[in-house]
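Let's take a walk through this model, going from its overall layout down to a single metal site. Keep your viewer open as you read.

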Amino acid sequence: MAGEWPTVRKCRGLGMKLVRFGPPGRERPGIWVEEEDGSAAILDVTAVAFDIHEYDSHFFTHWGLERLRGIRDEHPAARIPADGVRLGPPVPPPTNLVCVGLNYASHAAELGLSLPKEPLLFAKAPTAVIGPSDPILLPRAARVDFEVELAIVLSRPCHRVAAEDARNYIAGYTILNDLTDRWKQQGVSQWYLAKSHPGFCPLGPWLVTADELDFPPRVRLSSWLNGETFQHSDTSDMIFPPAEIVSYASFHLRLNAGDIISTGTPAGIGSRRSPAVFLNPGDHLRLEIEGLGVQENRVVADSSVPG
Ligand code: ZN
């Protein structure tokens, strides 16, 4: 059964959608612009601001977002049609890619686990990150699940920050697919390897600046496999809200601007179905979060990677 696809919320004016576009490893920073005729364009940031080469920690800590707001409105000629342009992940590989497990009550329930008393943090390798439409390479012998997640991108170095202050450290949000090899996750006593294969972290399409969403964000999250709805929930089911997660992580880690904290996935994952559903070559995966756009990936076999 194909599910309903939530409509994307309109931009509120001040907010921006940041993208990185071009071939893998050579992406350029851009601003996603929705034209009045319904088409989309990308404003080529480096063409008009020669010193902005990347949405990295230097960018976020040197008034980069504020500068982009002026650039967006002053340079309409620097726009190129977005049609057919490859988007990369909206930020370069972060120094820390932190995830939260079991952060939706519905997901803990489907796993038969009690609610965690503190955020359950784990890491994915930053080298797992790919663009929002790139093919997902499936390792041989892997049993891979997908997880739609709201990811936070930090705007400032973040260490020992109180929950009340955490929103001042958030640059914006994007969609993260926390792909996981369940076979590997359950076979060993850590999650890192199961979560970190190259390509196990599609990210994007946009970094939507924090001012476009409420705080905490109240948005619906959905995923579909081959047109069938798997996950369809909203962030009100979160156990630990973004402010608590950022604060908690910052008391243990020294986080940098541009780092990513993903906030967990709701119920509906394929491995909890009966029979269990895992990704296969040829599958079509679609993830959507209200206001944050859509990821669509084709799954392909990667015979070069051992299972
Ligand atoms: Zn996850």
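The C-alpha centres of domain 1 and domain 2 sit 24 Å apart. Domain 1 covers 13-88 and domain 2 covers 89-302, with bounds that come from an automatic or database domain assignment. Their contact (heavy atoms within 4.5 Å) draws 21 residues from domain 1 and 24 residues from domain 2. Bear in mind that this is a predicted model, where local features need pLDDT of at least 70 and side-chain atom pairs count only at pLDDT 80 or more, while totals for chains, interfaces and linings use all residues. Residues are numbered from 1 along each chain as its sequence is written, and side-chain values use heavy atoms, with hydrogens and water left out.

Next, the core. The largest nonpolar core holds 77 residues; such a core is a set of buried Ala, Val, Leu, Ile, Met, Phe, Trp, Tyr and Cys residues joined through side-chain atoms within 4.5 Å, and buried means under 20% relative accessible area with a 1.4 Å probe, protein chains only. Strand β11 (residues 148-154) gives the most to this core, with six residues. Strands here are DSSP runs of E, at least two residues long, numbered from the N terminus. Both domain 1 and domain 2 supply residues to the core, so it lies between them. Phe 60, Leu 68, Ile 261 and Leu 279 have the most contacts inside it. Leaving aside neighbours within four places in sequence, Ile 261 touches, among others, Leu 150, Ala 151, Ile 152 and Leu 154.

The zinc ion is coordinated by Glu 147 (OE), Glu 149 (OE) and Asp 178 (OD), at 1.9 to 2.1 Å. Donors are N, O and S atoms within 2.8 Å of the metal (3.2 Å for Na, K and Ca); water is not among the atoms, so sites may look incomplete. Along the chain the spacing reads E-x1-E-x28-D. Glu 149 belongs to strand β11, and Asp 178, 29 residues away, to the loop between β12 (170-177) and β13 (180-181). Buried or exposed, then, is Glu 149? Glu 149 is buried, at 0% relative accessible area, and Asp 178 counts as buried at 0% too.

Finally, find the open five-stranded sheet, ordered β9-β20-β19-β16-β17 with mixed pairing; two strands pair if DSSP finds at least two bridges between them. β9 (136-139) and β17 (228-234) each have a single partner strand, so one side of each is left without a neighbour in the sheet. Between β19 (residues 284-289) and β20 (residues 293-302), which run antiparallel, there are six bridges.

Technical notes
Helix = DSSP H or I, 4+ residues; strand = E, 2+ residues; numbered from the N terminus. Buried < 20%, exposed > 50% of the residue type's maximum accessible area, 1.4 Å probe, protein only.
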